Amino acid sequence: MRYRPPFPLDLDAVLRPHRRGKGDPCLRADEAGTTWLTGNTPDGPGTLALRRHADGEIEAAAWGPGADRLLDGVPALVGAGDDDSGFVSHHDRIAQVRRRMPGLRLGASGRVWDALLPAVLEQKVTGYEARRSWRELCRWFGEPAPGPAPAGMRVPPTPGAVLSIPDWTWHRAGVDLARRKALVFAAQVAHRLERAATLRGAEGRAWLRKVPGIGVWTAAEVAQRAWGDPDAVSFGDFHIPAVVGYALLGEPLDDEGMAEVLAPYAPQRQRAVRYLEAAGFSRPRFGPRFSPRDYRAI
């Protein structure tokens, strides 16, 4: 399949939110410039390979029972459904990034469960801890990626696979009881949660929050990836308020302060945040990093 986007496209930047660390077994880029990603679809698991040519055309190939679904979703995945026409830059810094990165769009995978599983693992732990748990659960309970994918790639564990995980294996993967319970609750109603990508917006996020253990932060993280929600800000995040504050005001903010600063951008507040993240802004470090906890040792 070949797809020529009718808009400027930075493929790496658009796909970056879907990648969970350098060792993500579900999304990798090879030396030839091809990006490989895996996913669960209603038809089964699949592997998708994307390569952008110099003329802007996207070449896509897919394997596995879910191949056709993944190919059909390529335009949305790279941002074809994203509408930034009403976005106004209220800060010079965001205006500068927007001019510098015209190919940055909000892509939509259309797969709620695949976005929800790693998002729950990231609740209230360091990125190192979450990525380690993600890799181990994918390796132990995810199917091998169909097709000629790079060695070691896996499809995210299905809801059925998550429900089969015994307590001692959760512990071995470093997942505490609260996150474990949230994932089990979500897996039990996973077929209904996919409706959130159809509802979209605040209604879709509210639908996800009906599951115990899925709060504002997790719902926003899923919405950003599953349907490219332009207004789903990750309130409750340890880093994002400070990133927004230092980038726009030169000082840290809390959630309340960030909500005030981003208010003029509604209903595209997350787009403003994404510009800052994609440009590489981060909070200054004034002390040692937060030490990760190893739940396996408890």
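These legends describe close-up views of one predicted model.

Residues are numbered from 1 along each chain as its sequence is written.

**View 1**
Val74 sits in helix H3, residues 74-77. Helices (H or I, at least four residues) and strands (E, at least two) are DSSP runs, numbered from the N terminus. Is Val74 buried or exposed? Val74 is buried, because its relative accessible area is 0%. Buried means under 20% relative accessible area, exposed over 50%, and partly exposed in between (1.4 Å probe, protein chains only). Leaving out residues up to four places away in sequence, Val74 touches Met1, Leu48, Leu50 and Ala60. Contact means heavy atoms within 4.5 Å. Asp176 lies 102 residues from Val74 in sequence and 35 Å from Val74 in space, C-alpha to C-alpha.

**View 2. The second largest pocket.**
This pocket holds about 440 Å³ of space. On a 1 Å grid over the protein atoms alone, a pocket is an open set of points with protein on both sides within 12 Å along at least five of seven lines. A cavity is a set of points where a 1.4 Å probe fits but cannot get out. Lining residues have an atom within 4 Å of a point. Grid points are joined across faces, edges and corners, and a volume is the space filled by probe spheres set on the points. The second largest pocket is lined by 21 residues; the closest to its centre are Asn40, Thr41, Pro42, Gly110 and Arg111. Strand S3 (35-41), helix H2 (67-72), H3, helix H5 (112-121) and helix H10 (190-193) each give two or more residues to this lining. H5 gives the most, with 3 residues. The lining has 10 nonpolar, 7 polar and 4 charged residues. Ala, Val, Leu, Ile, Met, Phe, Trp, Tyr, Cys and Pro count as nonpolar, Asp, Glu, Lys and Arg as charged, and the others, Gly among them, as polar.

**View 3. The largest cavity.**
The count comes to 1 cavity of 30 Å³ or more. The volume of the largest cavity is about 200 Å³. Of its 16 lining residues, His18, Thr38, Arg111, Asp114 and Ala115 are the closest to its centre. S3 and H5 are the elements that give two or more residues to this lining. H5 supplies the largest share, 3 residues. By class, the lining of the largest cavity has 8 nonpolar, 3 polar and 5 charged residues.

**View 4. Helix H5.**
How many residues of H5 are buried? The count is 10 of the 10, so H5 is largely enclosed by the rest of the structure. Among the buried residues are Trp113, Asp114, Pro118 and Leu121.

**View 5. Helices H4 and H16.**
The axes of H4 (residues 92-100) and H16 (residues 269-278) come within 9 Å and cross at roughly 70°. Axes are lines fitted to C-alpha atoms, for helices over the stretch in contact, and angles run from 0 to 180 degrees between N-to-C directions. H4 and H16 are therefore roughly perpendicular to each other; the range for this term is 65 to 115 degrees. Arg93, Ile94, Val97 and Arg98 of H4 make the contact with Arg271, Ala272, Tyr275 and Leu276 of H16. These residues divide into 5 nonpolar, no polar and 3 charged.

Note on methods: Predicted model: local features only at pLDDT ≥ 70, side-chain atom pairs only at ≥ 80, totals over all residues. Heavy atoms only, no water. Parallel < 35°, antiparallel > 145°, perpendicular 65-115°, else oblique.
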